[in-house]
Amino acid sequence: MPTNFRFMTLLFVLAVVVFTAGFGLQQTPSTPAPAPRTASTPSAQSSDKPQEKTVQESNDASAAALRAQIKGHEQEPASKVFKNVKFMTDAPAGRFLNIMNMGYSRALGVKCDYCHDEADYSSDVKRPKRAAREMQVMHHDINTQLGKMQNLQPKSDGQYFINCGTCHRGMIDPTKPLPK
Ligand code: HEC
Ligand code: HEC
């Protein structure tokens, strides 16, 4: 009986070893196969296609170039640092550039050159920049009206009810249906 039991134990141990080894052999070659496929997909895509700047990357680059030009003057009022600022006169110049990038451009989904002659940002030669000047006034008037309402939760100082993106939502013409 004891020898028989020891023999059975040995058989069981052997069976486990063989099973695990066999399992291991089957598993080892198949496991790495899917891994490189998933790992190579993004790099294959990014190296195959020539990289074109996204709208946001282009705007970030334009804003960074201007930020470098005004280095050391970021905290001074925009009207002092730039040539032709008539509305957001008191905004610190650094913040003004952020508004141009993350506010105006992003709200309409456009690059800076939709409104600007990039050789001279102070120029009002482009109609959309002049339209944006009128939009600034309307946007301010709407916020003033909302601020007079009696039954809204009050905003904390400097917070607006609406901004350019409230209407535009990434589109030049907000009267068009939303993109799907
Ligand atoms: C939707 C139109 C619009 C877009 C897009 C836009 N801007 Fe402007 N920008 C304006 C308007 C309007 C002013 C004048 C603001 C004022 O008077 O308060 C202005 C003024 C400026 C000025 C001051 C120039 C000067 O010397 O008077 C700079 C610099 C500027 N924008 C940079 C940018 C950059 C950088 C981008 C892109 C990241 C950009 N803008 C995108 C409308 C636009
Ligand atoms: C209350 C809604 C509303 C708000 C807020 C608003 N816009 Fe507009 N905007 C419009 C409408 C409507 C048009 C006209 C679209 C059309 O029919 O061509 C327009 C047109 C424009 C155009 C002209 C586009 C073109 O090429 O003809 C510019 C530039 C513009 N908006 C910039 C701005 C900026 C910058 C702000 C924030 C300061 C702003 N808008 C805030 C509703 C709004």
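The model is predicted, so local features need pLDDT of at least 70 and side-chain atom pairs count only at pLDDT 80 or more, while totals for chains, interfaces and linings use all residues. Residues are numbered from 1 along each chain as its sequence is written, and chains are lettered from A and ligands numbered from 1 in the order in which they are written.

Let's start with ligand 1. It has 28 residues around it, with Phe-82, Phe-87, Cys-112, Cys-115 and Ser-122 the closest (a residue counts if its C-beta atom, placed from the backbone, lies within 6 Å). Two or more residues each come from α3 (55-69), α5 and α6, and α5 has the largest share, 6 residues. Helices here are DSSP runs of H or I, at least four residues, numbered from the N terminus.

Now for ligand 2. Its shell holds 18 residues, and Pro-128, Ala-131, Met-135, Cys-164 and Cys-167 are the closest. The elements giving two or more are α5 (93-108), α6 (127-148) and α7 (164-168); α6 gives the most, with 7 residues.

Here is how the shells divide. Ala, Val, Leu, Ile, Met, Phe, Trp, Tyr, Cys and Pro count as nonpolar, Asp, Glu, Lys and Arg as charged, and the others, Gly among them, as polar.

| Shell | Nonpolar | Polar | Charged |
|---|---|---|---|
| Ligand 2 | 12 residues | 5 residues | 1 residue |

Finally, Gln-159 sits in the loop between α6 and α7. Gln-159 is exposed because it has 8 other C-beta atoms within 10 Å (exposed means 12 or fewer, with C-beta atoms placed from the backbone). Its C-alpha atom is 9.7 Å from that of Asn-143, 16 residues away along the chain.

Conventions. A residue is buried if 20 or more other C-beta atoms lie within 10 Å of its own, exposed if 12 or fewer, and partly exposed in between; C-beta atoms are placed from the backbone.
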